[in-house]
Amino acid sequence: MIYYNSQTKSFLLSGRNYSYCMYINRAGLLQHLYWGKKIGAADAAFLVAAHGLPAEPDPNDWNMDMATDSMPSECGSFGRGDFRPATVIVRRNDGAAMSRFMYVSHKIVKGALSLEGMPCARKADETLVITMSAAEGDFEGERACHERDITIKYHCLKDVGMVRRVTVNGEEVPFKRTKREAGAFPLDTSLSAPDAYVVGVSFLADVAKEQSVVFFCE
């Protein structure tokens with residue numbers, strides 16, 4: 001189930017025993033809030049107030065760019081104060097690159113949205129599609145990029161549970177399930193369930209070809 005709260009501008013994606021939460025902060029950036037054990041809508045509102053607001057940059061602060069480096073972002077920027085790996089980098093013909101993408105709109109649709117010729121989710125009960133556009137000043141003037149918008153898709157499966165088996169290209173492979181580390185993404189365990197875990201899978205693959213990785217849960 002995907003739930004949007006228009007008052008807090010938060011998105012809550014929940015399956016059988018998990019939840020993923022994020023919101024649109026005052027600066028118009030998509031900010032991460034939570035990933036872990038299933039929570040309710042009231043918990044999402046609490047997360048915005050307790051964890052989101054203290055970490056979000058102030059849009060009226062002239063030094064806002066520096067604040068984005070510590071904000072748990074869903075779409076990392078480039079050349080605008082965020083020194084972590086960027087989600088999207090758009091480079092102009094003259095070699096210049098500076099990008100920050102802001103929230104424009106969203107829609108919630110049934111099922112999964114496929115990407116022709118590209119790896120993508122094959123199944124989903126619902127999909128959240130968020131449209132982001134380049135911030136003012138990033139691509140202006142004669143050398144401005146014509147394609148300014150990007151879309152981010154979040155697929156939600158309501159029946160996903162504990163991972164029991166993993167296959168790669170149809171063949172079963174070993175995997176390792178470990179407790180989430182305090183310093184692991186996203187930030188620390190204050191933003192995730194204390195009993196959350198990480199599934200690690202290692203395999204050899206041809207990077208030029210699509211690989212089918214399937215997690216079997218119950």
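This is a predicted model: local features need pLDDT of at least 70, side-chain atom pairs count only at pLDDT 80 or more; totals for chains, interfaces and linings use all residues.
Start by selecting β5, β6 and β7: these three strands form an open sheet in the order β5-β6-β7, with antiparallel pairing. Strands here are DSSP runs of E with at least two residues, and helices are runs of H or I with at least four, numbered from the N terminus; two strands pair if DSSP finds at least two bridges between them. Colour β5 (101-110) and β7 (149-156) next, as they are the edge strands, each pairing on one side only.

Residues are numbered from 1 along each chain as its sequence is written, and side-chain values use heavy atoms, leaving out hydrogens and water.

Now zoom in on β5 and β6 (residues 126-134), which run antiparallel and are joined by nine bridges. Pick K110 and you will find its bridge partner, E126, in β6.

Move on to the open sheet of four strands, ordered β1-β2-β3-β4 with antiparallel pairing. Its edge strands are β1 (2-5) and β4 (30-37), and its twist averages 15° from one strand to the next. Select β1 with β2 (residues 10-14) to see four bridges in the antiparallel sense; I2 has L13 of β2 as its bridge partner.

Finally, show helix α1 (residues 41-55), which lies across β1, β2, β3 (18-24) and β4 and runs at about 130° to β4. Contact means heavy atoms within 4.5 Å.

Note on methods
Axes are lines fitted to C-alpha atoms, for helices over the stretch in contact, and angles run from 0 to 180 degrees between N-to-C directions.
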